[in-house]
Amino acid sequence: MTFLSICSTETIKSAAQSLKNGHLVAFPTETVYGLGADASAPQAIARIYEAKGRPSDHPLIVHIASIDAMGQWATEIPGYAITLARDFWPGPMTLVLKRSDLAQDFITGGQETIGLRVPAHPVALALIQEFNAIGGKGIAAPSANRFGAVSPTTAEAVAEELSPYLLEGDLILDGGPSLVGVESTIIDCTGSTPMVLRLGAITPLMIEESTGLVALEANPAAIRVSGSLNSHYSPKAKVLLDVIAEPGDGLIAPDQIPTPNGVIRLSAPGTIEQYARELYQALRSADQRGLSVVVVLQPGGDGLAAAIRDRLQRSAFVE
Ligand code: TXA
Ligand code: MG
């Protein structure tokens, strides 16, 4: 595996060629880092599942360069999905649509739908465009972490998570820390109204304002989204929510909360956006420091705060 800290046009071109040759390329997006492979190459996709240790019936999101490529991967696209794509792409939103013949079982986990996203990070967009220029159709990319672990928001975190599973010829592209910090909002667009499968920075209110339709909330039991499993996004440290931190514990809490004596402050965000941006790195740093407990005081409010609480509940879940 090669770690590329400077993403010039030349490095991005060679990364696109690596994808075409069947290698894995981890790349930055504005939400979290993705572990990319050619979405049309079953052997390359099989390596994603291996590297992540992820069950093979969990579908992957295909990353495309623009709204124009939607029709290649999906059919029967409803008007409200086009509206959402126009309003929020490139951006932290994944649309689940009825799949076309291009989207095969090895991407969709055998489902009749396909998840599509146009990411906003310039390196991600350039990579997809260069991949398209040499005949690629889309880049499948889950978050670049081992199954069940915390998603990486820096290239160093990807290396830490996946180095042992990446091979010669595979790449990690460093595009700096992810600006949003939690995974994309996933919206099922196969029904007559949008249904939110995973909360994120594109909120139910934004969906409603864009489409004029009230977004439904999915019944968690009915979805096959690995991020919707009860236990996910977990560091090795035990995550305790909304309790008083004891000496030796890590603490993630809004900046107006003081740090008790002997407690190790891991993040003190001043805004909800900063909370989202720093959360995963702060959870990761608890493990780097070998802490056994990290206390998290959850943010209040709707929108992105609800997405953060959703991830925190899962990272704190104990079977
Ligand atoms: O922000 C993101 O979405 C990041 C970046 C890299 O784009 N990707 C990401 O991928 O979070 P992943 O695989 O870690 O999470 C995507 C979730 C999975 O839980 C998967 O099961 C679900 O999306 N998913 C993908 N395609 C789907 C489909 N057709 N129907 C329902 N769920 C789907
Ligand atoms: Mg993930």
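## Cysteines and disulfides

A disulfide is a pair of cysteine sulfur atoms within 2.5 Å. By this rule, the predicted model you see above has zero disulfides.

Cys 7 is partly exposed, with 21% relative accessibility, whereas Cys 189 is buried, at a relative accessible area of 2%.

## Two domains

Let's step back to the chain as a whole. It is divided into domain 1, covering 4–217, and domain 2, covering 238–315. Their C-alpha centres lie 27 Å apart.

How many residues of domain 1 are in contact with domain 2? The count is 21 residues of domain 1, which meet 14 residues of domain 2. Between them, the two domains bury about 1400 Å², and 56% of this area is on carbon and sulfur atoms. On the side of domain 1, Val 150, Val 182 and Leu 199 supply 35% of the area buried against domain 2, more than any other three residues.

## Aromatic rings

A pair of aromatic rings is described by the distance of the centres and the angle of the planes. The structure holds one such pair. Its partners are Tyr 233 and Tyr 280, which are stacked, with 6.2 Å from centre to centre and 10° between the planes. The pair links distant parts of the chain, 47 residues apart: Tyr 233 is in the loop between strand S12 and strand S13, and Tyr 280 is in helix H9. Tyr 233 counts as buried because its relative accessible area, 3%, is under 20%. Tyr 280 is buried as well, at 1%.

One more ring to look for is Tyr 165: Arg 146 lies over its face, 3.9 Å from the ring centre.

Definitions and conventions: Residues are numbered from 1 along each chain as its sequence is written. Chains are lettered from A and ligands numbered from 1 in the order in which they are written. This is a predicted model: local features need pLDDT of at least 70, side-chain atom pairs count only at pLDDT 80 or more; totals for chains, interfaces and linings use all residues. Side-chain values use heavy atoms; hydrogens and water are left out. Rings of Phe, Tyr and Trp (its six-membered ring) pair if their centres lie within 6.5 Å; planes under 30 degrees apart count as stacked, over 60 as edge-to-face and the rest as tilted. Helices (H or I, at least four residues) and strands (E, at least two) are DSSP runs, numbered from the N terminus. Buried means under 20% relative accessible area, exposed over 50%, partly exposed in between (1.4 Å probe, protein chains only). A charge sits over a ring if NZ of Lys or CZ of Arg is within 6 Å of the ring centre and within 35 degrees of the ring normal. Domain bounds come from an automatic or database domain assignment. Contact means heavy atoms within 4.5 Å. Buried area is the accessible area (1.4 Å probe) that two parts lose on being put together, summed over both.
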